[in-house]
Amino acid sequence: MEYFNRFYLWGVNTKYRMGLYFSAAVFFKGLVNALLGSRTVEILTLLEMLLACFAFACLETALFPAGQNMLSQGKRIAVWAILANAVFVGCAWGLHWFPGLPLWGGLLLVLFLECALGAMWYALWLKERLDTAALNQGLRRFQKRA
Amino acid sequence: MKITVEHMNLPENEVILRCPALDEEMLGVLSLLRSGLQRLCVWDDSRRTTLLTPDEVIYCETVDDRVFVYTGQAMYQTALGLGELESRYGGLGFFRAGKSAVVNLHQIRSLASREAGRIEATLETGEKLMVSRRYAPLLRERLGL
């Protein structure tokens, strides 16, 4: 039962991450297709995206198990960024997720990916910073009151 | 606040607080009295017993079923469990930071938010203590957040 519970919690955590990446991938696929004049997305491409997102979510969960301080682990962050590029850029290029997209469009998508990865870490950093400020404010109030 | 000292023949010293309600000022007086009265009995390696005031304590932790009390200068042992320390000195700032630690909130220099809802406390001695995920919400509540 203990093993099952651990596996279940791992699944919930991974599923959440996979959903996040998959929605971003589908959004960009839909946007590119719309800009190229197509109104459909192939089911096979969606499945490929889902599997790629699942693979990356698994790697991410392995790199950053729940409860670890992600911001303090520079080497792991570097590995995570390299893996994100390898999985998403590699799959998009190798599996032809964006057929008919000019080179500059592809480069723009890569730039979006890098910005999104940076934004994720910035959001975590910002959240921690604001929470830390609130905690210290509360602590000073408590110490002053007593 | 009016302060009156009466000299009379009594078997022991007595303090009576008179007030319409327990306001901040009276709670402060009570806390001061308790910190003076509720001394913590500890002993060091050479079995020398000392009475510590709660504000001298930085943190307490259990190691191998023994409870150690750390002040800025020394380390002692006490017969009280962490639960007893928390309940007895909770009003004076003692807070359960984890399964094996109780920290004095007045001896924390700074706090830092950490991943998964944990909180890292930097003590006045420079030591770092992690408030576990389970106790972090209680700390936030205690700090009025």
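**View 1. The buried residues of the helix α1(A).** In α1(A), the buried residues are A:M18, A:Y21, A:A25 and A:V32. This is a predicted model, as are all the views that follow. What do those buried residues of α1(A) pack against? They sit against α2 of chain A, residues 43–63. The helix α1(A) itself covers residues 2–35, which makes 34 residues, and it reaches 50 Å from its first C-alpha to its last. That is close to the 50 Å expected at 1.5 Å a residue. Just after α1(A) comes A:G37, with a positive phi of about 90°.

**View 2. Where α3(A) meets α4(A).** Here we look at helix α3 (residues 74–94) and helix α4 (residues 103–145), both of chain A. Their axes come within 11 Å and cross at roughly 150°, and the crossing is right-handed. On the α3(A) side, the contact is made by A:I77, A:A81, A:A84, A:F88 and A:V89; α4(A) brings A:V110, A:L113, A:L117 and A:W121. What classes of residue make up this contact? Nine are nonpolar, with no polar and no charged residues.

**View 3. The open sheet of chain B.** Now over to chain B, whose secondary structure comes to three helices and ten strands. Seven strands form an open sheet, in the order β2-β1-β5-β4-β3-β7-β6, with antiparallel pairing. Strands β2 (49–52) and β6 (94–98) of chain B stand at the edges with a single partner strand each, so one side of each has no neighbour in the sheet. From one strand to the next, the twist averages 35°. As for chain B as a whole, buried residues make up 26% of its 145 residues.

**View 4. Strand β1(B) and its two pairings.** Strand β1 of chain B takes in residues 40–43. In a regular strand, side chains alternate between the two faces of the sheet. In β1(B), the covered face has B:L40 and B:V42, while the uncovered one has B:C41 and B:W43. Four bridges pair β1(B) with β2(B) in the antiparallel sense, and the two strands form a hairpin with five residues between them. In that turn, B:R47 has a positive phi of about 65°. Two bridges also join β1(B) to strand β5 (residues 75–78), again running antiparallel. Keep an eye on B:W43: its bridge partner in β2(B) is B:T49, and B:W43 stands opposite B:Q77 in β5(B).

View 5. Strand β6(B) is joined by four bridges to β7 (residues 101–104) of chain B, and the two run antiparallel. B:F95 has B:V103 as its bridge partner in β7(B). Helix α2 (residues 82–89) of chain B lies across β3, β4, β6 and β7 of chain B, running at about 145° to β6(B).

**View 6. A closer look at B:R96.** This residue has its place in strand β6 of chain B. Is B:R96 buried or exposed? It counts as buried because it has 22 C-beta neighbours inside 10 Å, and the cut-off for buried is 20 or more. Leaving aside neighbours within four places in sequence, B:R96 is in contact with B:L82, B:E86, B:V102 and B:Y135. Take B:E86, which is ten residues from B:R96 along the chain: their C-alpha atoms are separated by 6.4 Å.

Methods:
Residues are numbered from 1 along each chain as its sequence is written. Chains are lettered from A and ligands numbered from 1 in the order in which they are written. This is a predicted model: local features need pLDDT of at least 70, side-chain atom pairs count only at pLDDT 80 or more; totals for chains, interfaces and linings use all residues. Two strands pair if DSSP finds at least two bridges between them. Axes are lines fitted to C-alpha atoms, for helices over the stretch in contact, and angles run from 0 to 180 degrees between N-to-C directions. Two residues are in contact if their C-beta atoms, placed from the backbone, lie within 7 Å. A crossing is left-handed if the near helix is turned anticlockwise from the far one by less than a right angle, and right-handed if clockwise. Ala, Val, Leu, Ile, Met, Phe, Trp, Tyr, Cys and Pro count as nonpolar, Asp, Glu, Lys and Arg as charged, and the others, Gly among them, as polar. A residue is buried if 20 or more other C-beta atoms lie within 10 Å of its own, exposed if 12 or fewer, and partly exposed in between; C-beta atoms are placed from the backbone. The expected span of a helix is 1.5 Å times one less than its number of residues.
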